[in-house]
Amino acid sequence: MSKVTFAFENMDPKKVDEGNVSGDGDIGSIMGFSGFGKKARTFDLEAIFEQTRRTAIERSHHVLEEREKQMDEEEGESSKSVKPPLHSQRGKSAAASSRVRDSESSSDSDSDSEVIGPPVPPQHPAPEDDDDELVGPPLPPGYMGSTAHSDDDEQEEDNDDDDDDNPVKRIPGSHEITLQHGTKTVSALGLDPSGARLVSGGYDFDVRFWDFAGMDQALQAFRTLQPCESHQIKSLQYSITGDVILVVSANAQAKVLDRDGFNVMECVKGDQYIVDMANTKGHTAMLNCGCWHPKIKEEFMTCSNDGTVRTWDLKSEKKHKSVFKPRSHQGKKVTPTCCTYSRDGKLIAAGCQDGTIQIWDRNLSVHTKFHCRQAHAVGSDISSLSFSYDSMTLASRGGDDTLKIWDIRNFRKPVNVATGLTNYFSMTDCFFSPDDKLLVTGTSVKKDEGNGKLVFFDRVSFQKAYEIEVTNASVVRCLWHPKLNQIMVGTGNGLVKVYYDPVKSHRGAKLCVVKSKRKEKHAETLTQDYVITPHALPMFREARQRSTRKQLEKDRLDPKKSHKPEPPVSGPGRGGRVAAHGGTLSSFIVKNIALDKTDDSNPREAILRHAKDASENPYWIAPAYKQTQPEPVFADESEEEDSDKEPEWKKRKI
């Protein structure tokens, strides 16, 4: 049916066939059809669709022609070889449009099979064959850009493969910055897990905080403090979350600080009079080392000269968590000089002064799980222990100038040994690179005898792969941050050096080297200096002296200025002034004492000399006791003479 007609005729129930509608004569009136008597409009849907199709074809044909004209103008003379395909394209498109017009005049049944829309250009094949074709006009003859690009990609891939095979090329040693901690040895370094802040401590008791994002090229620390007063800093380390810092100093109590340097916790000190160190609550002697647990954020460990390794909980500062007691071959107490956790936190390792390395299971503190008796020379401090990332390999740095690598599954002898690495400090570091292929340590030097070096060893062959001359002092502390890919080094002359690579490193030192120094804020000064003298005004100015005669006449009228000076005193003195030989009261008294010729050899006569005057003219004491004072009776001289004639045995013995 080519036409669709919508018509509503007047449906009278009487005209409906009785066989079809029987007994329902009132349906039309019930349904409301009885009031419709007009015919509706007639729509030819096929004609509407055909008109729309023609309009789309014409528009797409015009758009295609405009695109061809633009391409011809852009290519110009250099693309003449490309024009024939375009002409053929035009011909094909014209033929396609003519076929479309012919199809329009065909029957209605044929129009249903016709494709609606513009024809597909002949230069673009089917989508399934479009994988190898380039989008756009064909390339000019002799163009080799694709092959050259592919060669560059192959070379870059080869270089990447070489970098993967050679771990030395990953060392960030091309650039460096220097942070001035102080003038004494930097004995502790710590970097938070994100790499945003660095903390350094030294023999000068100071702990300095460095913020890479907040520093400029002046490279100044934003905070300096002395958390342990007059004690050298032995170790600094951020927790695994980076919110607190463990501070191990030369006293017996470790401290925990927050990121801004405020005190969070201080470990308790033990009783030094108890023999068994397991029965004390804390350390009783100087600390040597300390570190955080790699998995549990509240647990940390310290070792001390009291011969114990103790674990602590951040929430309970009144008592340690567990105690590990290293023992020598004879069962005697030995001093642990360094300690560390394995990467999974299941093992605890300690290096001791007798050259042994002892490893415990973290949950079993009585007996050692691994024990190497002669790891380093006896009496040399093992300065550092470090587990590899697989927790199967252990590196040890000894005071006997050696660096050794161990397989803990076969702990009797080292896998490899490097000698000739001078070590003068009890905290010289050694550690594995982030890819676990290199082992790094520092060397010590005496003053003015060379440069301290940072030495890199290949883990498999244990050959020296690379070295960096740091400065003319010992290299003590060093660490390699895996996220930043930067190396921090603490030296014996108070410097902290940060080594980085502009391409291979991230953030860290790269953030502060690009910032220019802040200009110092100077106080506003006057462009011209003014001398303010308030008495320079005429109303305050004193009269000028015109002649000395008038000044002398004026002074003569002044009683103070015209007073004649007193002449020197001659004789006994007068007017309250003493003679010239002494102007003080003491000299006057001495003089009078020396001139006094009275003889006081008989005190009785000296007292009775004034008795007659006192009795006749009492003045000081007698009037007060006039009514009650008894009459004094003095002994006669005859009695004294009789006493001299008494026998010796009657005389009073003095």
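Why does isoleucine 48 count as partly exposed? Isoleucine 48 counts as partly exposed because its relative accessibility is 45%, where buried means under 20% relative accessible area, exposed over 50%, and partly exposed in between (1.4 Å probe, protein chains only).

This is a predicted model, in which local features need pLDDT of at least 70 and side-chain atom pairs count only at pLDDT 80 or more, while totals for chains, interfaces and linings use all residues. Residues are numbered from 1 along each chain as its sequence is written, and side-chain values use heavy atoms, with hydrogens and water left out.

Isoleucine 48 is placed in helix H2; helices (H or I, at least four residues) and strands (E, at least two) are DSSP runs, numbered from the N terminus.

Lysine 184 lies in the loop between strands S3 and S4, and it too is partly exposed, because its relative accessibility is 45%. Its C-alpha is 6.6 Å from that of glycine 202, although the two residues are 18 apart in sequence. Leaving aside neighbours within four places in sequence, lysine 184 is in contact (heavy atoms within 4.5 Å) with residues including Tyr203, Asp204 and Asn493.

Four strands form an open antiparallel sheet in the order S4-S5-S6-S7, where two strands pair if DSSP finds at least two bridges between them. S4 and S7 stand at the edges with a single partner strand each, so one side of each is left without a neighbour in the sheet. Five bridges join S4 to S5, and alanine 188 stands opposite glycine 201 in S5.

| Strand | Residues |
|---|---|
| S3 | 175-180 |
| S4 | 186-191 |
| S5 | 197-202 |
| S7 | 223-225 |
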